[in-house]
Amino acid sequence: MQISAEEVTSGELSQEHFENALMQLKVSGYVVLEDMVDPGKIDVLRTRFLELLEDFASKNPPNRGPNRYGFLLPFEDPFSDPELIANPIVASLLRPVIGEEFVCSFYSSDNALPGSEYQHPHSDVDPLFPERDLPTPPYAVMVNIHIVDSTEENGPAEMWPYGTHLIGDTDLIPVHNKFQDIDARRSSPLGRFSESLPPVPMLAKAGSISIRDLRMWHRGTPNRSDQPRPMLSMICNRPWYLHDLENRNHITREAYEAAPPEVQRIFRPAIIGA
Ligand SMILES: O=C(O)CCC(=O)C(=O)O
């Protein structure tokens with residue numbers, strides 16, 4: 001969905017855009033908002049981020065499948081810009097879905113490098129009530145900030161926008177950690193399902209922000225270009241749900257106290273310290 005400069009400046013979507021975006025998020029499970037971040041800011045973010053990625057990839061093995069890395073972001077300029085992490089348009093869509101008091105429990109990145117492969121289709125979250133075949137109301141979303149174009153060529157994430165975020169049957173929900181299990185995927189019920197209901201690539205220009213229900217089935221795809229395809233990734237959720245207690249963001253006391261109140265509110269699950 002194309003967001004206008006006036007909407008970005010005022011921090012408010014038109015009524016029509018608001019209703020449309022909310023409907024996409026609730027029904028399809030995700031929405032892509034285009035032209036949300038100024039191209040100059042994106043250049044600065046991309047330049048700094050690619051330095052961090054190069055450093056991380058030189059010191060760590062791939063952790064999300066071949067040539068694919070995820071790592072937490074430092075809470076510092078340019079990543080701590082309130083326009084990114086407490087964006088009023090994003091917040092206006094999150095509040096009716098995951099509540100007024102939503103927080104960010106994981107500020108990270110997803111990076112498909114050249115040579116990355118298909119991931120196992122997966123949901124990013126285990127069901128809250130695994131013993132019950134019941135969908136619950138939404139409680140967590142992934143907010144991706146696109147700092148490069150996601151194209152057919154460079155490994156866009158693929159989505160299954162058929163209500164997969166509403167499935168409560170744990171026998172069907174794909175586990176989220178089998179990223180390289182391609183043979184099992186092809187022969188599993190999910191593999192057969194993915195042929196009859198094919199995934200949709202999440203194509204997005206740099207400067208877009210996408211929001212997806214964390215339960216939705218999706219996967220990474222091969223990056224066939226010669227450049228990395230990074231995305232900044234914020235998991236936002238109702239305050240009682242904490243995504244990954246062992247991998248929380250660290251924020252220095254000084255940076256936390258210097259942040260605007262809304263950023264402090266959103267980032268209160270982080271470990272705040274010296
Ligand atoms: O980066 C992507 O395209 C998707 C990554 C993903 O879904 C994951 O690593 O869980």
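**Close-up views of a predicted model**

**View 1. Arg-229, a buried residue with 26 C-beta neighbours inside 10 Å.** In this predicted model, Arg-229 counts as buried because its 26 C-beta neighbours inside 10 Å meet the cut-off of 20 or more. Arg-229 has its place in strand 9, which covers residues 229–237. Once its neighbours within four places in sequence are left aside, Arg-229 is in contact with Asn-111, Ala-112, Val-148, Ser-150, Asn-154, Gly-155 and Asn-223. One of these contacts, Ala-112, is 117 residues apart from Arg-229 in sequence, although the two C-alpha atoms are 5.1 Å apart in space.

**View 2. The surroundings of the ligand, with Ala-112 among them.** Besides Ala-112, the residues that surround the ligand are Arg-64, Gly-70, Asp-110, Gln-119, Asp-124, Ala-157, His-218 and Gly-220. Sorted by class, this shell holds 2 nonpolar, 4 polar and 3 charged residues.

**View 3. The pairing of strand 7 with strand 1 and with strand 4.** Strand 1, made up of residues 30–33, runs antiparallel to strand 7 and is joined to it by 4 bridges, and within this pairing Tyr-30 stands opposite Arg-212. Strand 4, made up of residues 140–146, also runs antiparallel to strand 7, with 5 bridges between them, and here Arg-212 is the bridge partner of Met-142.

Key:
Residues numbered from 1 in each chain as written. Predicted model: local features only at pLDDT ≥ 70, side-chain atom pairs only at ≥ 80, totals over all residues. Near = placed C-beta within 6 Å. Nonpolar A, V, L, I, M, F, W, Y, C, P; charged D, E, K, R; others polar. Pairing = 2+ DSSP bridges. Helix = DSSP H or I, 4+ residues; strand = E, 2+ residues; numbered from the N terminus. Buried ≥ 20, exposed ≤ 12 C-beta atoms within 10 Å, placed from the backbone. Contact = placed C-beta atoms within 7 Å.
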